[in-house]
Structure formats: C-alpha cells, structure tokens
Amino acid sequence: MSNGKQIPLSQDELEKITAEYPTPFHLYDEKAIRENARAFYRAFSWAPDFKNYFAVKACPNPTLLKILQEEGMGADCSSLTELIMAERTGFGGEEIMFSSNNTPESEFVEAARLGAVINLDDISHIETLEKSAGIPELISFRYNPGEARFSNAIIGSPQEAKYGVTREQIVGAFRSVREKGAKRFALHTMIVSNELDENCFADTAQLLFALAVRLKEEAGIRIEAINLGGGIGIPYLPEEKAVDFERLSKKIAALYDEILVPASLDPTRVLFECGRMVTGPYGYLVSRVRHVASKYKEYVGVDASMADLMRPGMYGAYHHITVPSKEGQPHDRIYDVTGSLCENVDKFAIDRLLPEIDPGDLLVIHDAGAHGHAMGYNYNGKLRSAELLLREDGTVQLIRRAETVDDYFSTVRFPGTPVKI
Ligand SMILES: *Cc1c(COP(=O)(O)O)cnc(C)c1O
C-alpha cells in the first residue's frame, strides 16, 4: 500500500492535465507553497523585520518568484542571470541578496546597479568590488568558521569548503570596508545543506550572534542583519519529519535574548536564504511509463530523464515515487525506474517497491520542486520539460514551456550556415 506522500489532485484531474500538456512536466502547488511560506513567517514573527531570501537557484521561475515576493520573500542570487531574473520579476534594492563566489566584476556592477545587498565571499573581493562598482553603504560578509564548527555530510567540513572569510580574517574584513566608506554591516554563513535537525540552525545562530558581539566589542562594528543561510532540509523519505518551524524559531529566539539583547544588539534582523524547503515538497515531476522491461532486473522506463531531475543520478538521492492509479494496490514489485539517457546513472529509483506497473501508467516523482528542473541539462540532446502551476483556484497554468529541438540548436552553427546571433 501507499506509504504516505500525496499529490494535490485526483488521478482523473492529473490525466486531464496530461491531455493538454504532454508528460513529462513539473507541477507546482501554489496553495501549498503559500501556506508553507506563511507558516515560516508566522514562526519568526518575533524577529524584527524577518525575511527569507529565496535561493533563486533552487527553482528559477519568475511566476514562482513573484508568488514568493507576495509572501514577503526576497531573492537570493548568485549569478548575473539570476540577478536579471530577479529584476525582471520585480525585485529591487535590498529585496535582493547577491551571495556569489569567485565573482566577476561585471556581476558586482549589476548587483550594485540593482541596489542589492552584496555579500562578499572573500577578502580579495573587497578590491574587486571597489574597482568595479565601488564600496556600497551596506556590505555583508560570508563567514566560514573553519574548525569551530562541524558541518553535515552534504556541504562537508567548513575547513575544506571554498566559501567564506575565515575567523582570523573576519574582523579585518569589516574594518577594511568601513575604512572604504561602508556604514551598514551584515553577516552571513551557510554551513549545512538539506538538514532536518533544527539544532544545527540554532548552532549557526549561536555562532553568528556571538560573532556579532565580538565585532561590536573588538571593532565597534554594529551588525544590523544576520543571515543564517539556507539548508533547511525536507523529508524526502516518507518516514522523515519536516523541520518544525515553531521549535526552530523558539531556539533561535532564546539565543537572541541570551546573546544579542544583553550586548545591546537588539534590534538585529534575522534572515534566511532557504530554497529547498520553500518549493521542494510542493513540486512534482509527472512522467508516463513507456516500457516495462525484464532483464537481469525489472525496469520501468519513463519519459522523463536526468534532464528533468538530476538528484537521484547525481547524488543517489531518494525521491519518493507514487503511481496515482495504483496506490491502493500492493507494492510488491521491485523495479529500477529509468530515463532514456545513455548513462546508467539515469535512474529515478533503484530496487524500489512499487505496485505492478504497465506501459501508459502515470508516475509522480515527489519533492522535485527545488534543485529539480533547475539542475536539468541537455546531455544526449535531451530537452528540458515544461513547468506548470496548479493555481489556488484549481486551474493549471503553463509557467515555462518545454524546450524544443530549435531551442537546442539555437546556439550551434551547422556547416555552411552562419551562427544565429
Ligand atoms: C544553495 C544555497 C542556498 C539555498 O540552499 P537550500 O538548500 O536550497 O536551502 C542558500 N545560500 C547559498 C549561499 C547557497 O549556495
């Protein structure tokens, strides 16, 4: 029997959608995205001017970004394209956080033009920024605590990470930008990824709150905003539990009262830049079965591939799969669920217990709403799928069409023809 994950529509409704929009496609649930965003903001209503800057890379679709902006979120960008997408969606000024690394001058220029909060990854970037766009009034640094902090498996040890300014550098970094004219200061770190234990985020808060106190005492630098990064995980496995926002918030509030308030650092803004938990659970990759093949193992071949969702092939990540027409049937067959790439890692599931599957069945791959479509690629000439939005009124809107063969060929030159500019 089914073990838990639901879809926000009936099997019939899903079939009807496929009559208009052929599989494969990503489908996002607007109502669930809004409800989750509101729950997150409600939990942190104690925090002065709380904001989550949605990590655009997780799901770079303007329609979704607009919905998140309406729910109070900002845009966390790390490239020129993401900055332009944020601008064209209607984000501006300090609603945009520019958190990049190994950054070219041109991107600092664009971030400065938009008035984005610039978050510097390295002390060498101070000069790059000064030369290209000038030092803005507000500046943030990404902090890497090194051995002061363990991370989780996905990001790895902070000492091995390419990101951030070290413990030895951080005070000097702020002094330097102050000398160059900065007047407002913010602090950022990102230590964990896909983490379900709220204590990890409380540890991060403790670390940054204490650092804000140190900066004030040692250098008279008044930090006005502390960005705890992204990385709040989602329960990919049916038996896992989502992070409880209220519990997370209470722990961070207690640290705020314990560390920042006595140091006269109230008010300080508390910020996040989560992507995964904002859209991840509310996006579904819908795919139809082409073939069921019996070799040394049993295979279900679907019309989606790694071009639509890389995580299982790339990280061996688990994504739950349901068969809406057969959820009431016994899940007593063991299948590998594959795409059609000439890459044996192009599998959505290995040795997965599912009901007996036939060609034509619709499969729903869950938790594909973040780092899903966004990570797709064109290897093997595969074309990326469409993105659909299930609106609050139950209608379905195309928010990105599927790629076409012409899209794929738009950048190449065939012999005897000019490259299209
Ligand atoms: C990827 C990333 C995020 C978002 O991470 P999620 O796991 O999607 O929450 C936030 N900040 C930075 C700097 C990142 O690189």
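The legends below describe close-up views of a predicted model.

View 1. N52 counts as buried because its relative accessibility is 0%, and the cut-off for buried is under 20%. The side chain of N52 comes to 2.8 Å from the backbone nitrogen of C274. Leaving aside residues up to four places away in sequence, N52 is in contact with F40, Y41, M73, G74, F272, E273, C274 and V278.

**View 2. Side-chain directions in strand β5**. The strand is made up of residues 117-120. V117 and N119 point one way, I118 and L120 the other way, and all are buried.

**View 3. Pairing of β4 with β5**. Strand β4 (residues 96-99) runs parallel to β5, and three bridges join the two. One of the residues shown is S99, whose bridge partner in β5 is N119. Helix α5 (residues 105-114) forms a right-handed β-α-β unit together with β4 and β5.

**View 4. Pairing of β5 with β6**. Strand β6 consists of residues 138-142 and pairs with β5 in the parallel sense over three bridges. N119 has S140 as its bridge partner in β6. Between β5 and β6 the chain passes through helix α6 (residues 124-132), in a right-handed β-α-β crossover.

**View 5. N119 and its bridge partners**. N119 is buried. Its bridge partners are S99 and, in β6, S140.

Methods: Residues are numbered from 1 along each chain as its sequence is written. This is a predicted model: local features need pLDDT of at least 70, side-chain atom pairs count only at pLDDT 80 or more; totals for chains, interfaces and linings use all residues. Side-chain values use heavy atoms; hydrogens and water are left out. Buried means under 20% relative accessible area, exposed over 50%, partly exposed in between (1.4 Å probe, protein chains only). A polar contact is a pair of N or O atoms within 3.5 Å; within protein, one must be able to donate a hydrogen and the other to accept it, and residues adjacent in sequence count only if both atoms are side-chain atoms. Contact means heavy atoms within 4.5 Å. Helices (H or I, at least four residues) and strands (E, at least two) are DSSP runs, numbered from the N terminus. Two strands pair if DSSP finds at least two bridges between them. A crossover is right-handed if, with the strands pointing away from the viewer, the path from the first strand over the helix to the second runs clockwise.
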